[in-house]
Amino acid sequence: MKYRLKISEETAELDVSGSAGRQNAEFTIGEKTYSVRYRAIPDHCLHMVVDGKRVSVFVADGGQGKYVFLNGKSFLVRDADRLPLRRARRGGPDQTPGDVTPPMPSVVVRIMVEEGDLVKKGQGLIVVTAMKMETTLVAPSDGRVKKINTSIEAKVAPGDILVEVEEEEQENE
Amino acid sequence: MFKKILIANRGEIAVRIMRTCREMGIETVAVYSEADADAAHVLEADEAVLLGESEPLKSYLNSDRIIDAAEKVNAEAIHPGYGFLAENPDFAAHCETSGITFIGPSSRVIRDLGNKTVARTMMEKAGVPVIPGMLEATKDASSLCEEAERMGYPVLVKAASGGGGKGMRVVSGKEEMEAACLSAMSEAEKAFGDGSLYLEKCLESPRHIEFQILVDQHSNAVHLYERECSIQRRHQKIIEETPSPVMTPSLREAMGKAALSAALSSGYTNAGTVEFLLDLSGRFFFLEVNTRLQVEHPVTEMTTGVDIVRKQLEIAAGNPLTLKQEDIIQTGHAIECRIYAEDPEANFFPSPGTILVHREPSGPGVRNDCGVYEGFEVPMEYDPILSKLIVAAGTRDAARMRMIRALENYVILGISTTIPFLINVIKAPEFAKGDTYTDFIGRHFENWSQNMEGADLARIAYVVDELTTVKRPLAATKDKGWQTPWETLGEWRI
């Protein structure tokens, strides 16, 4: 079985073969093949022996993928084939270049532009706050504000498109 | 001793204070906001009073509602923790006029030490070295330029009513001075309604070193040695340790003496912290007094065996200090790491959300002062600290290795935390050598990102989780309740 798994912006293909019932399998990622024995230790812990090396990892299903903890590091692993369609629209796998989305769950405190405004790349559009810290979301490119999808005091999350900025016509995509 | 106290705070520090109260047989009262109905400090307390809405001004910063709560439950004293109202002289005064003991110094002392120029003048009189600079603020750019010339560059331009880095500029030479003054003035005018500025000599690569002090109401005063807190991001400490890697017995004696004269000359009582900057040549300068319990107090507790919260309660109740300076022996080395719900790859932007998995590290010499639990939703309204991980060991090196081990065992999933970043900092050769200065993070860890080592294993774990989850039919699990390891082990052989 094949998976396409994404960590941050890096997608890698993983091919798994072997019997799930036996609790061992071969995993191929790129040029490398790993031989893995595994068992689940409830809850959330997986004990694996990878090419003879023992390791315990913790896995939790978040809405957008699985969080994997490994020796003090934490990875968000997502199935590239199951990412929401909205995110996979034109332009790129995550969001269209003109869309502005908050990096973290936060609250909108200021909206500094109006629909129809011309904006420059890097210009502040919206200020959000979380846990006593304010962050300004900026225009990803020169263009015109096509739509504002939020209001002051709205609770917003990553993936919510707060402002859509349309690149001006003179440059074709 | 008090029978019942109210803790006007939340999170890990409220929980930590309640633990000592419980050991002393004192009843505890938590206060909370709507967002915190299920927070750890509410679950820990004997009683809990709802203050109001989640906005701090309607809950944890609302002095009237907190005093009302204390009166309603007949609490004799209020412990303010750190942050929120802990250094607010009006709140302390409000307690005083309501006949409730404020666990900390008097409102007058908090007011005096909270004002930068008043505190500087006070320290100069007491013979405590202060950073060379002006004692009075001005709006005249040309006299600021003259003063800077006299002091020698680099200088720090600071707003008299400033805070949070606003109206502050580092100026390294004459040619930038006038422009810097004008822009700082307009920034300060806009932010604080007061554009007056003063100058301080800018120390290059200083260390932040502070002394923990205890002063009772009978003028007995001791210090509990120093803490070094040079590792900071956004002017906020993230790693603290004791002893300082550069401390010598003679420097410690001089700084300890200065800390105690700072306290006694201001009429200080209760636990407090006198902060200093130490420059490259080994000279130290008074920075400020924190008139409260510090976030990083546990490293002192781990190396002296003194419970600082217990001392605060005893002092507030009027008991004399029984500790003498010569009784306080520091052994070994302790390090604290602050675990924040922040994304270190995104400029430390806060990362609220639900904690899906939470496994605390343990073992010899490991302490975790924690204010969250598995399943808890970290609210976005408050400071993003989740817990403080503290380790102690015989030597600095052993403590460092223990901290790495403990951080690697600290599982938090569902939100971003500073844990992977902290591991990298503690492992850095500069940290190991003790080359710790306040510009450490900016100098060595600008634009940090987690390296991808382990990404293959993480992907394998993703698939293994899929395979093992499919094997467990949900309905069957529900019928039987928890599955035992024997049911899920399958054909595993050792």
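Tutor: A salt bridge is a side-chain nitrogen of Lys or Arg within 4 Å of a carboxyl oxygen of Asp or Glu. In this predicted model, the structure holds 43 salt bridges, counted over all chains.

Student: What makes the pair B:Glu47 and B:Lys4 a salt bridge?

Tutor: The side chains of B:Glu47 and B:Lys4 meet at 2.6 Å, N to O, and the cut-off for a lysine nitrogen and a glutamate carboxyl oxygen is within 4 Å, so the pair qualifies.

Student: Why are helices H4(B) and H5(B) called roughly antiparallel?

Tutor: The axes of H4 (residues 89-97) and H5 (residues 107-114), both of chain B, come within 8 Å and cross at roughly 170 degrees. Angles over 145 degrees count as roughly antiparallel, and therefore H4(B) and H5(B) are given that description. On the side of H4(B), the contact is made by B:Pro89, B:Asp90, B:Ala92, B:Ala93 and B:Glu96, while H5(B) contributes B:Ser107, B:Ile110 and B:Arg111. Sorted by class, these residues are 4 nonpolar, 1 polar and 3 charged.

Student: What makes H1(B) roughly perpendicular to H11(B)?

Tutor: Helix H1 (residues 11-23) of chain B and helix H11 (residues 308-316) of chain B have axes that come within 9 Å and cross at roughly 65 degrees. The range from 65 to 115 degrees counts as roughly perpendicular, so H1(B) is placed in that class relative to H11(B). The crossing in which H1(B) passes H11(B) is right-handed. The contact is made by B:Arg16, B:Ile17, B:Thr20, B:Cys21 and B:Glu23 of H1(B), together with B:Val309, B:Arg310 and B:Leu313 of H11(B), and by class these residues divide into 4 nonpolar, 1 polar and 3 charged.

Student: How do you know that the peptide bond from A:Pro42 to A:Asp43 deserves a remark?

Tutor: Most peptide bonds are trans, whereas the bond from A:Pro42 to A:Asp43 is cis, with omega near -15 degrees. A:Asp43 lies in the loop between strand E4 (32-41) and strand E5 (45-50) of chain A. A cis peptide bond also joins B:Tyr153 and B:Pro154, where omega is about -5 degrees, and B:Pro154 has its place in the loop between helix H7 (141-151) and strand E6 (155-159) of chain B.

Student: What makes the phi of B:Ser219 worth noting?

Tutor: Most residues other than glycine have a negative phi, but B:Ser219, which is not a glycine, has a positive phi of about 65 degrees. B:Ser219 lies in the loop between strand E9 (207-215) and strand E10 (221-233) of chain B.

Key:
Residues numbered from 1 in each chain as written. Chains lettered and ligands numbered in written order. Predicted model: local features only at pLDDT ≥ 70, side-chain atom pairs only at ≥ 80, totals over all residues. Heavy atoms only, no water. Axes fitted to C-alpha atoms, helices over the stretch in contact; angles between N-to-C directions. Helix = DSSP H or I, 4+ residues; strand = E, 2+ residues; numbered from the N terminus. Parallel < 35°, antiparallel > 145°, perpendicular 65-115°, else oblique. Contact = heavy atoms within 4.5 Å. Nonpolar A, V, L, I, M, F, W, Y, C, P; charged D, E, K, R; others polar. Left-handed = near helix turned anticlockwise from the far one by under 90°.
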